[in-house]
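Subject: The structure for you to look at

Hi there,

Here is the structure I wanted to pass on to you. Please open it alongside this message, and my notes follow below.

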Amino acid sequence: MIMKRIITVYIILLTSSLLWPLHAQRDAMSADTAAVAPLYGGLSVGADVFGVIGRFLLYDFTSAEVSLNADFRNKFFPVVEVGFGTIDMTDETYSIHYKSAAPYARIGLDYNLMAKKQTENYLFAGFRYGFSAFKYDVAAPDMSDEVWGGTIPFSYSGVRSSAHWMEMLLGIKVKIVRNFFMGWTARFKFRFSAKETLNTTPWYIPGYGDNKSSNFGFTYNLIYQLPF
């Protein structure tokens, strides 16, 4: 049910970002007359909307994220993304409560696959390296001691952890009006490492999601291109 909600909302956002074909044609410049793109084309800042509405879709975790990218030759776009992820959830099957709130960061590069079209709209592929250092609380019902009898409490607070991962992505960026754009990315994530302790393993990694060997992620950004 949760995944169906994610896919439904993502399709709605994706569709809205593609309802600008006529506008894209008006913005297109003739490849025969367009000047060569400058070495440096300025900066853009963006904010991810999809992560913010995650709380209403998933009920337990959300994120707030901003990005900054630079334009070189209208082809290469170095990117920095920083955000803050939170989770507060209880597994109804095992009555395990997990809570965490921490920042994360990613750096990477996008490549404009439509650079030769000389338009202000982009289809791009890219990658990100992500990192987060975080703390988490986890608690569950007391465990039975089958050797000595009795029970052993299972409750840990402020457990320190960190994680590293890589993301491969594909996305689009479409001009809305003047310096305002909107766009989305679909991301395949694979984890390099996630620090564990003798007693606990982090369930959620800010910026990455569920602590699995691989993950999928989405962003839907509202973007402003700084005047240059």
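The protein chain has three helices and ten strands. Please keep in mind that this is a predicted model. Starting at the N terminus, the elements come in the order α-α-β-α-β-β-β-β-β-β-β-β-β. The chain has 228 residues, and 40% of them are buried. Of the contacts with a separation of 6 or more, 65% are between residues 24 or more positions apart.

Strand pairing

Two pairings involve strand E10 (214-225). E1 and E10 run antiparallel to each other and share five bridges. As an example of a bridge, serine 44 has glutamine 225 in E10 as its partner. E7 and E10 are antiparallel as well, with eleven bridges between them. Here you can look for phenylalanine 181, whose bridge partner in E10 is isoleucine 223.

The cavities

How many cavities of 30 Å³ or more are there? The count is two. The largest cavity holds about 240 Å³ of space. Its lining is made up of 20 residues, and the ones nearest the centre are Asn69, Asp110, Phe124, Lys173 and Ile223. Strands E1 (40-48), E2 (61-72), E3 (76-91), E5 (122-144), E6 (151-177), E7 (180-194) and E10 (214-225) each give two or more residues to the lining of the largest cavity. E7 has the largest share of this lining, with four residues. Sorted by class, the lining of the largest cavity has eight nonpolar, seven polar and five charged residues.

The second largest cavity has a volume of about 50 Å³. The residues that line the second largest cavity are Gly41, Gly42, Leu43, Ser44, Asn69, Asp71, Phe77, Tyr122, Lys173 and Gln225.

In soluble globular proteins, nonpolar side chains tend to be buried together. In this model, the largest nonpolar core has 16 residues, and Tyr98, Phe134, Tyr136, Ala163, Trp165 and Ile205 have the most contacts inside it. The elements giving two or more residues to this core are E3, E4 (96-112), E5, E6 and E8 (204-205). E6 gives the most, with four residues.

Leaving out residues up to four places away in sequence, tyrosine 136 touches Tyr98, Lys99, Ser100, Tyr156, Ser157, Gly158, Val159, Ser161, Thr200, Thr201 and Pro202.

A few single residues

Asparagine 211 sits in the loop between strand E9 (209-210) and E10. Is asparagine 211 buried or exposed? Its relative accessible area is 17%, which is under the 20% cut-off, so asparagine 211 counts as buried. Beyond its neighbours within four places in sequence, asparagine 211 is in contact with Arg191, Ala194, Thr201, Pro202, Trp203 and Ile205. Asparagine 211 and alanine 163 are 48 residues apart in sequence, but their C-alpha atoms are 9.3 Å apart in space.

Isoleucine 176, in strand E6, has a relative accessible area of 22% and is partly exposed.

Most residues other than glycine have a negative phi. Asparagine 74 is not a glycine, yet it has a positive phi of about 60 degrees. Asparagine 74 lies in the loop between E2 and E3 and counts as buried, at 11% relative accessibility. Serine 95 also has a positive phi, near 55 degrees. Serine 95 is placed in the loop between E3 and E4 and, at 42% relative accessibility, counts as partly exposed.

Best wishes

Terms used. Residues are numbered from 1 along each chain as its sequence is written. This is a predicted model: local features need pLDDT of at least 70, side-chain atom pairs count only at pLDDT 80 or more; totals for chains, interfaces and linings use all residues. Side-chain values use heavy atoms; hydrogens and water are left out. On a 1 Å grid over the protein atoms alone, a cavity is a set of points where a 1.4 Å probe fits but cannot get out, and a pocket is an open set with protein on both sides within 12 Å along at least five of seven lines; lining residues have an atom within 4 Å of a point. Grid points are joined across faces, edges and corners, and a volume is the space filled by probe spheres set on the points. Ala, Val, Leu, Ile, Met, Phe, Trp, Tyr, Cys and Pro count as nonpolar, Asp, Glu, Lys and Arg as charged, and the others, Gly among them, as polar. A nonpolar core is a set of buried Ala, Val, Leu, Ile, Met, Phe, Trp, Tyr and Cys residues joined through side-chain atoms within 4.5 Å. Buried means under 20% relative accessible area, exposed over 50%, partly exposed in between (1.4 Å probe, protein chains only). Contact means heavy atoms within 4.5 Å. Two strands pair if DSSP finds at least two bridges between them.
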